[in-house]
Amino acid sequence: ICALARVLKTLSGSWHIKCYIQCTGDAELLPYLDEAGVAYEKVDLVREMDVEEYLSYYTDPALVLAVRGHAQMIPFGCGTPAVSIISHDKLAWFLEDIGHPEWGVEVSDPDFEEKLLAVSEAMLCRRETICEQIEEAKEKLWNVLQEDLAQIRL
C-alpha cells in the first residue's frame, strides 16, 4: 500500500487523483495517501446513484489504477485505460484475454513500485493509442461472443 501511495504522490504532481470508495474497506488506503502527502479527492461510490452517474466515474478519468476485477473491467467496457494491480490470477487472466498483459503489474514483483509508475506514465502518454487498443479488444471479445452464441443456437 505504501508503494501505491508513493506512485500516486508522483502522479499527483501532474494529475488530479480521485480515490473511489466502493466499500468501507477501501477507506483503509486513505491514511497511506495522507502520510505520503498525496493530494486527492475522496469519491463515495457506496451511496445511491443512477447508472449514468456511476458509469461517469469510469468514463471520465484519464487512467484508472485497478485493484479489483470490476475496477479493471468496468473502465475497459467504458473505453477508459486502466492499469491492473495484479494481486489475483483473475486480473492477469483478463489482461491475457484482451491481449494486453503489459497493462498490469504484479504486486509480488520486487520492482512493483517502479513498474507501476512506468506503466501508468506510459499509458497516460499514449492514452489515445491505448483507447484505440481497448476498442479493438472489445471488438474481438464481441466477435467471440457472437461465435459462441451461434454455436449455442445450433
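1. Helices (H or I, at least four residues) and strands (E, at least two) are DSSP runs, numbered from the N terminus. By that rule, strand 4, helix 5 and strand 5 make a right-handed β-α-β unit.

2. On the basis of the model: it is predicted, so local features need pLDDT of at least 70, side-chain atom pairs count only at pLDDT 80 or more, and totals for chains, interfaces and linings use all residues. Residues are numbered from 1 along each chain as its sequence is written, and side-chain values use heavy atoms, with hydrogens and water left out.

3. Start with strand 4. Two strands pair if DSSP finds at least two bridges between them. Strand 3 and strand 4 run parallel, joined by 3 bridges. Leu65 has Val83 of strand 4 as its bridge partner. The chain gets from strand 3 to strand 4 through helix 4, and this β-α-β crossover is right-handed.

4. On to strand 5 (residues 104-106). Strand 4 runs parallel to strand 5, with 3 bridges between them. Here Ile85 is partnered by Val105 of strand 5.

5. How many residues of strand 4 are buried? The count is 5 of its 5, where buried means under 20% relative accessible area, exposed over 50%, and partly exposed in between (1.4 Å probe, protein chains only). In a regular strand the side chains alternate between the two faces of the sheet. Ala82, Ser84 and Ile86 point one way from strand 4, and Val83 and Ile85 point the other way.

6. On a 1 Å grid over the protein atoms alone, a cavity is a set of points where a 1.4 Å probe fits but cannot get out, and a pocket is an open set with protein on both sides within 12 Å along at least five of seven lines; lining residues have an atom within 4 Å of a point. Grid points are joined across faces, edges and corners, and a volume is the space filled by probe spheres set on the points. The whole structure has 1 cavity of 30 Å³ or more. The largest cavity holds about 70 Å³. Its lining includes Ala82, Ser84, Phe94 and Trp103. Helix 4 (69-78), strand 4 (82-86) and helix 5 (89-97) each give two or more residues to that lining.

7. The largest pocket holds about 1,000 Å³. Of its 37 lining residues, Lys18, Cys19, Tyr20, Leu29 and Leu65 are the closest to its centre. Strand 1 gives the most to this lining, with 5 residues.

Terms used: Right-handed = clockwise from strand over helix to strand, strands pointing away.
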